[in-house]
Amino acid sequence: MLPNSATARTQAKERFRQLREQAIIHRLFDRLVGRSHSLYCLNVDLQHRTHRTRHHGGVQLVPLAQIRGSEGRCSDFDAAFRPLTAHTAERWVNLALAHERGDPIPPVELLKVGDFYYVRDGHHRISVAHSYGQLAIEAEVTVWDEGRQRNSPQLAL
C-alpha cells in the first residue's frame with residue numbers, strides 16, 4: 001500500500017537530502033585524495049575526439065552504468081547522479097513520487113559517444129532511477145560516430 005501523499009513527499013524529500021549529503025561528502029573526500037567523481041562534460045570530451053556524423057539510434061534500454069556524462073549539467077550531479085545542488089530538489093522529489101506511484105516516465109535523451117552515454121535531457125530521471133536501484137533506463141539515443149580519439153586525461157575511463 002502506498003503511503004499518503006504528505007508522507008510520501010516527506011520521504012522523497014528526505015531521500016533527496018540524504019543523496020545530496022552523500023554527494024557532498026564524496027566530493028570532499030575525492031578532493032582530499034586527489035581524484036574526481038564528477039560527471040564527464042561532453043564539450044570537454046569532444047575537444048579530444050573527432051566525430052564525423054550523427055544518427056538516430058532509436059529508443060533503447062540503456063544500462064545506467066554506461067551513462068557517464070552530461071551535455072550541460074555537469075555540476076548539478078556527481079558521477080553516481082547524486083544531486084549536488086539544492087535547486088534540483090523539487091523536480092527530483094516530483095519524479096521520485098511519480099516513480100513510487102508507478103506513473104509512466106518519458107524516456108531520457110542520451111548522446112552515445114564511443115561506448116558511453118551523455119545526458120542531453122533527463123538528469124533527474126536518471127538520478128531517481130539510480131536511487132531506486134534500477135540497472136537500466138529507457139532512452140531516446142542519438143549516436144555520434146567518431147573518428148580517432150586524441151589524448152585526454154578525462155577520457156581514461
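Buried means under 20% relative accessible area, exposed over 50%, and partly exposed in between (1.4 Å probe, protein chains only). The model is predicted: local features need pLDDT of at least 70, side-chain atom pairs count only at pLDDT 80 or more, and totals for chains, interfaces and linings use all residues. Residues are numbered from 1 along each chain as its sequence is written, and side-chain values use heavy atoms, with hydrogens and water left out.

**View 1. Asp145 in strand β6.** Asp145 belongs to strand β6, where strands (E, at least two residues) and helices (H or I, at least four) are DSSP runs numbered from the N terminus. With a relative accessibility of 30%, Asp145 counts as partly exposed. Thr53 lies 92 residues away along the chain, yet its C-alpha atom is separated from that of Asp145 by 5.3 Å.

**View 2. The protein chain as a whole.** Four helices and six strands make up the secondary structure, and their pattern along the sequence is α-β-α-β-β-α-β-β-α-β. The chain has 157 residues, of which 37% count as buried. Contact means heavy atoms within 4.5 Å. Among contacts between residues at least 6 apart in sequence, 82% join residues at least 24 apart.

**View 3. Arg125 and its surroundings.** Arg125 sits in helix α4, residues 123–131. Its relative accessible area is 10%, so Arg125 is buried. The side chain of Arg125 makes a polar contact of 2.8 Å with the side chain of Asp121. Such a contact is a pair of N or O atoms within 3.5 Å; within protein, one must be able to donate a hydrogen and the other to accept it, and residues adjacent in sequence count only if both atoms are side-chain atoms. Beyond the neighbours within four places in sequence, Arg125 is in contact with Arg91, Leu95, Ile105, Pro106, Pro107, Val108 and Ile137.

**View 4. Helix α4.** Seven of the nine residues of α4 are buried, leaving the helix mostly covered. These are His123, His124, Arg125, Ile126, Ser127, Val128 and Ala129. Gly133, with a positive phi near 80°, follows α4.

**View 5. The largest pocket.** On a 1 Å grid over the protein atoms alone, a pocket is an open set of points where a 1.4 Å probe fits, with protein on both sides within 12 Å along at least five of seven lines; lining residues have an atom within 4 Å of a point. The largest pocket holds about 160 Å³ of space, a volume being the space filled by probe spheres set on points joined across faces, edges and corners. Its lining includes Leu95, His99, Arg125, Gln134 and Glu138. At least two lining residues come from each of α3 (89–101), α4 and β6 (136–149), and α4 gives the largest share, three residues. Seven of the lining residues are nonpolar, two polar and two charged; Ala, Val, Leu, Ile, Met, Phe, Trp, Tyr, Cys and Pro count as nonpolar, Asp, Glu, Lys and Arg as charged, and the others, Gly among them, as polar.

**View 6. Helix α3.** The 13 residues of α3 reach 18 Å from first C-alpha to last, close to the 18 Å expected at 1.5 Å a residue; the expected span is 1.5 Å times one less than the number of residues. Buried in α3 are Trp92, Val93, Leu95, Ala96, Leu97 and Ala98. Gly102 follows α3 and has a positive phi near 80°.

**View 7. Phe81 in a loop.** Phe81 is found between β3 (67–70) and α3. At 1% relative accessibility, Phe81 is buried. Its phi is near 60°, positive in a residue other than glycine.
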